[in-house]
Amino acid sequence: MDVLYQLGLGFNVALDPLNLVLCFIGVLFGTLVGVLPGLGPAASVSLLLPMTFKMTPVGGIIMLAGILYGAQYGGSTTSILVNMPGEATSVVTCFDGYQMAKQGRAGPALGIAAFASFIAGTLSLVGLTLVAPPLVRMALEFGPPEYFSLTLLGMLMLIYLSRGPIIKALMMGAFGFLLSSIGQEVFTGTLRFTMGIFELYDGVGLVGVVMGLFGISEVLINLETRLVKQEVVGEKITSVLPSLQDWILSIWAIVRGTIIGFFLGSLPGGGMVLSTFASYAVEKKVSKHPEKFGTGAIEGVAGPEAANNAAVQATFIPLLTLGIPPNATLAIMMGALMIHNIIPGPLLMAEHPDVFWGIVSSMYIGNAMLLILNLPLIGIWVKVLKVPYSILFPVILLVCLIGAYSINGSLVDMVIMVLFSVIGYLMKKFKYEMAPVVLGMILGGIMEPALRRSLIISNGSFTIFLSRPISLALMIGVAILLVSPLILRVMGKRRRGLGER
Amino acid sequence: MRKYDLLSSLAWLTVGVIFFQRSVGLGLGELGEPGPGFFPFLVSVCLICFSSIYFVSSLRKRGQLSSVESSRFWPKSDGLIRISLVVMSLFMFIFTMNYLGFVVTTFLFMFLLLRFIEPKKWLAVLLVACLTTFLSYAIFQLWLKADLPRGGFGF
């Protein structure tokens with residue numbers, strides 16, 4: 001029962017009054033960010049990042065983590081009431097959530113979304129609590145070759161799971177790796193691709209790129225057409241409690257969504273958005289009434305909402321056990337820990353058990369807070385939604401500008417942000433995925449030193465990646481990913497050929 | 001539309017070639033002791049390969065629907081004007097902040113966007129611009145101590 005003892009230790013940290021307040025600020029701010037479309041968790045986490053420099057490392061991370069999972073709760077509110085996803089992870093919630101709201105069932109839709117989020121988030125945390133210790137024991141054996149294989153696998157997973165042609169996602173992943181190589185290089189101190197700009201010596205700031213690609217480019221897309229006043233349905237929400245019938249329909253969807261979210265979320269490539277689509281597809285497949293999906297089926301809200309919350313909790317697994325941030329928000333959090341000289345990775349649990357278990361326990365508490373914030377207080381968030389976009393978008397832009405400035409107090413980060421917002425806008429127009437760019441930037445910094453160290457160890461032989469058992473297993477995964485699309489293509493052609501005959 | 005796929009793959013090919021050329025210049029080292037240019041070299045070769053493959057496969061797709069929808073690609077002219085106005089005001093914010101100071105710049109920025117992108121009444125514009133300027137100054141400067149630039153006016 002070592003885990004229970006450790007968890008008790010964690011609750012000791014998380015229940016400290018100051019940490020409770022920080023957790024509350026985090027989830028409150030997170031819900032707000034989730035409700036407002038166009039202001040993602042990555043941008044908001046970076047906005048509050050400078051604040052954490054003066055806090056204890058645990059307190060800072062507790063607050064930043066609260067923003068991330070709080071946003072998943074808030075995002076569903078906007079999806080259900082306005083038919084506009086508050087976050088990328090709540091796109092699927094629009095399909096049936098908005099239909100339910102139009103039929104006057106906004107209350108149960110919001111209710112089941114919050115309950116599903118709470119149940120899935122908590123179950124996923126239990127999973128994290130149990131999986132983390134054995135994973136850490138395994139990760140302690142990791143050397144440079146394992147880290148190289150793992151980051152390669154993580155990158156390829158994200159690429160193969162993304163929408164659109166795989167070749168385009170591969171191009172974006174490569175672009176991300178190239179961006180990560182800008183700046184002073186760690187082995188010899190050589191300056192690479194800095195064009196003599198002093199601020200680029202530390203590399204291209206991730207925060208600016210993320211806010212530009214995901215935040216501001218979204219505003220630009222929205223401004224293409226004249227702004228119409230959004231309709232908020234469900235002005236009067238009487239009861240948010242789902243009926244017994246709703247629960248019977250939803251409970252298995254929640255369980256399945258949790259499992260899907262947990263596994264996809266815990267991959268090093270992070271599959272938060274994907275898990276919601278997967279859960280929706282599964283629910284539609286197992287349902288006895290697949291035709292009801294898209295017309296207000298409550299399972300279509302419960303499953304994906306469970307999946308995104310299970311996934312968001314699971315994304316902490318690769319960060320806290322392997323030191324690999326699976327998405328931009330967690331990469332920024334990793335930066336927040338490293339400023340305090342705490343390096344996330346296999347040693348974290350042994351060296352800073354208070355940090356590790358404090359974060360985990362605070363998330364149990366934060367989920368409970370969110371349930372209260374999102375059910376009885378739903379009226380507040382409905383009011384927030386009534387702020388017209390023509391007022392909202394300048395505020396979003398201003399907040400992003402200040403956020404980019406406050407990282408280093410330099411104009412260069414702001415310029416990078418605006419440049420990447422234009423690149424992001426064009427990428428959206430030309431249908432390129434942005435997630436691989438950001439993951440490439442994050443993983444590049446881990447992958448390059450791992451690759452070079454491995455080659456130095458092996459004296460230039462690439463067989464080092466195949467001669468060590470863990471690395472070999474990961475590389476087999478890479479090979480399967482590389483070959484499977486080709487096989488599927490050939491099989492698809494053959495099947496089509498047979499059909500024609 | 002095929003031409004957009006061809007165009008974008010050429011753009012990425014150029015990015016790949018630039019990085020390729022620069023990383024060779026940085027020194028590739030040897031396999032047993034890779035130099036600073038080694039990793040970007042490998043990746044830029046990948047980018048060049050991928051974008052060439054995409055270029056060729058889009059070339060062969062004559063007449064077929066591409067991955068970019070064939071509906072209207074660029075927004076109408078008023079949409080383009082709105083977008084360029086926003087990008088321009090973002091740059092204006094960045095480059096005037098150190099001279100005019102945070103407060104004045106923010107007020108001008110908010111005023112411009114509220115008044116000209118989706119026109120609102122003068123009074124409402126002034127009110128919202130003042131309010132957001134005050135709030136952002138209070139939150140980021142006074143509370144979070146973000147140390148925003150002061151400019152010539154001293155605030």
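Visitor: Let's start with chain B. What percentage of the 155 residues of chain B count as buried?
Guide: 32% of them count as buried. Keep in mind that this is a predicted model.

Visitor: And what does the secondary structure of chain B come to?
Guide: Four helices and two strands. Along the sequence, the order in chain B is α-β-β-α-α-α.

Visitor: How many of the contacts in chain B with a separation of 6 or more are between residues 24 or more positions apart?
Guide: Such pairs account for 61% of those contacts in chain B.

Visitor: OK, over to chain A. How many helices and strands are there in chain A?
Guide: Chain A has 22 helices and two strands.

Visitor: What box do the C-alpha atoms of chain A fill?
Guide: Roughly 70 × 70 × 55 Å, along the principal axes. As for burial, 59% of the 501 residues of chain A count as buried. And if you take contacts in chain A between residues at least 6 apart in sequence, 80% join residues at least 24 apart.

Visitor: Can we zoom in on a single residue? Where is A:T77 placed?
Guide: A:T77 sits in helix α4 of chain A, residues 57-82.

Visitor: Buried or exposed, and why does A:T77 count that way?
Guide: Buried, because A:T77 has 27 C-beta neighbours inside 10 Å, and the cut-off for buried is 20 or more.

Visitor: Which residues is A:T77 in contact with, leaving aside neighbours within four places in sequence?
Guide: A:V35, A:G86, A:L110 and A:W381.

Visitor: Now helix packing. At what angle do α7 and α8 of chain A pack?
Guide: About 140°, with the axes of α7(A), residues 144-161, and α8(A), residues 166-180, 8 Å apart. That angle makes α7(A) oblique to α8(A). The crossing is right-handed.

Visitor: Which residues meet there?
Guide: From α7(A) you have A:M155, A:I159 and A:Y160, and they meet A:I166, A:A169, A:L170 and A:G173 in α8(A). By class, that contact has six nonpolar residues, one polar and no charged.

Visitor: Switching to the interface: how many residues of chain B are in contact with chain A?
Guide: 52 residues of chain B, and they touch 48 residues of chain A. On the chain B side, the elements giving two or more residues are α1, β2, α2, α3 and α4. The largest share, 14 residues, comes from α3(B).

Visitor: And how do the residues on that side of chain B divide by class?
Guide: Into 36 nonpolar, nine polar and seven charged.

Visitor: What about α18(A) and α4(B), how do they pack?
Guide: At an angle of about 30°, with their axes 12 Å apart. That makes α18(A), residues 389-408, roughly parallel to α4(B). This crossing is right-handed.

Visitor: Which residues make the contact?
Guide: On α18(A), A:I391, A:V395, A:L398 and A:I402; on α4(B), B:V128, B:T132, B:S136 and B:F140. Six residues in the contact of α18(A) with α4(B) are nonpolar, two are polar and none is charged.

Conventions. Residues are numbered from 1 along each chain as its sequence is written. Chains are lettered from A and ligands numbered from 1 in the order in which they are written. This is a predicted model: local features need pLDDT of at least 70, side-chain atom pairs count only at pLDDT 80 or more; totals for chains, interfaces and linings use all residues. Two residues are in contact if their C-beta atoms, placed from the backbone, lie within 7 Å. Ala, Val, Leu, Ile, Met, Phe, Trp, Tyr, Cys and Pro count as nonpolar, Asp, Glu, Lys and Arg as charged, and the others, Gly among them, as polar. Axes are lines fitted to C-alpha atoms, for helices over the stretch in contact, and angles run from 0 to 180 degrees between N-to-C directions. Angles under 35 degrees count as roughly parallel, over 145 as roughly antiparallel, 65 to 115 as roughly perpendicular and the rest as oblique. A crossing is left-handed if the near helix is turned anticlockwise from the far one by less than a right angle, and right-handed if clockwise. A residue is buried if 20 or more other C-beta atoms lie within 10 Å of its own, exposed if 12 or fewer, and partly exposed in between; C-beta atoms are placed from the backbone.
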